[in-house]
Amino acid sequence: MRNSRLMVQGAAVLALGMLAAGCASIKDHRGYIMDEALVATVQPGVDNKLSVERTLGRPTFISQYGKQTWYYVAMNTGQKPFTRPKTASQSILVIDFDGRGNVASMSREGMEKVARLSPESDKTDTLGRDRSFFQDLFGNIGAVGAVPGGGPAGAPGGTGPNGS
């Protein structure tokens, strides 16, 4: 009797532990892994694109317009059970190059560049008439099979080559 009671209590404690572990948040790192020692070796006016690429690797993003800029993006996210991941911290290393491909400047940016977008909504705006459900449902009654121009069915009613 005593052994079975201990086994039941042990199973209950184990089950509670497993349930508590299932509620733990998930932490993840996305993007570039910054090595501060390597980043510190890149010097404006000394390094060029080739030396930066050999030191830091390929950038996460390269600007397509305007100044020649490389972006190295690192992001740490956290996710609670049954929710979407949220950005916990972010670091962006921005390297600007001059016209000859030499490093002109380096800067760092962080969470101030994170934009929260919510593409989901209850309603999608469209151009055109604002009609109710029943107008959409019954709006074509009488229009199907109607002849343009009001002539008898089967007779050409328009000025086009096929009567349209």
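Predicted model: local features only at pLDDT ≥ 70, side-chain atom pairs only at ≥ 80, totals over all residues.

Reply: **The second largest pocket and the rest of the chain**

The chain has four helices and five strands, where helices (H or I, at least four residues) and strands (E, at least two) are DSSP runs numbered from the N terminus. Along the sequence, these elements come in the order α-β-α-α-β-β-β-β-α. Residues are numbered from 1 along each chain as its sequence is written, and side-chain values use heavy atoms, with hydrogens and water left out.

Now to the part you asked about. The second largest pocket is lined by Phe61, Tyr71, Val73, Met75, Gln90, Ile92, Val94, Glu109 and Lys113. The elements that give two or more residues to this lining are β3 and β4. By type, the lining residues are six nonpolar, one polar and two charged (Ala, Val, Leu, Ile, Met, Phe, Trp, Tyr, Cys and Pro count as nonpolar, Asp, Glu, Lys and Arg as charged, and the others, Gly among them, as polar). A pocket here is an open set of points on a 1 Å grid over the protein atoms alone, where a 1.4 Å probe fits, with protein on both sides within 12 Å along at least five of seven lines; lining residues have an atom within 4 Å of a point. The space in this pocket comes to about 150 Å³, a volume being what is filled by probe spheres set on grid points joined across faces, edges and corners.

The loop between β3 (68-79) and β4 (86-97) holds phenylalanine 82. This phenylalanine 82 counts as exposed because its relative accessible area is 88% (buried means under 20%, exposed over 50%, partly exposed in between, with a 1.4 Å probe and protein chains only). Its phi is near 65 degrees, a positive value in a residue other than glycine. Serine 25 is 57 residues away from phenylalanine 82 in sequence, yet their C-alpha atoms are 9.9 Å apart. Across the chain of 164 residues, 16% are buried.

There is also a nonpolar surface patch, made of Phe133, Phe134, Leu137, Phe138 and Ile141, with about 620 Å² of accessible area together. Patch members have over 30% relative accessible area and no salt bridge, with like charges joined within 9 Å and nonpolar side chains (Val, Leu, Ile, Met, Phe, Trp, Tyr) within 5 Å; areas come from the Shrake-Rupley method with a 1.4 Å probe, and for residues only the protein chains shown count as cover. Isoleucine 141 sits in the segment after α4 (133-138) and is exposed because its relative accessibility is 64%.

Finally, the structure holds five salt bridges, each a side-chain nitrogen of Lys or Arg within 4 Å of a carboxyl oxygen of Asp or Glu. Among them, arginine 100 pairs with aspartate 98, the closest N and O atoms lying 3.8 Å apart; arginine 100 is exposed at 70%, whereas aspartate 98 is partly exposed at 25%. Another joins arginine 30 to aspartate 28, with closest N and O atoms 3.5 Å apart; arginine 30 is partly exposed at 40%, and aspartate 28 is partly exposed at 38%.
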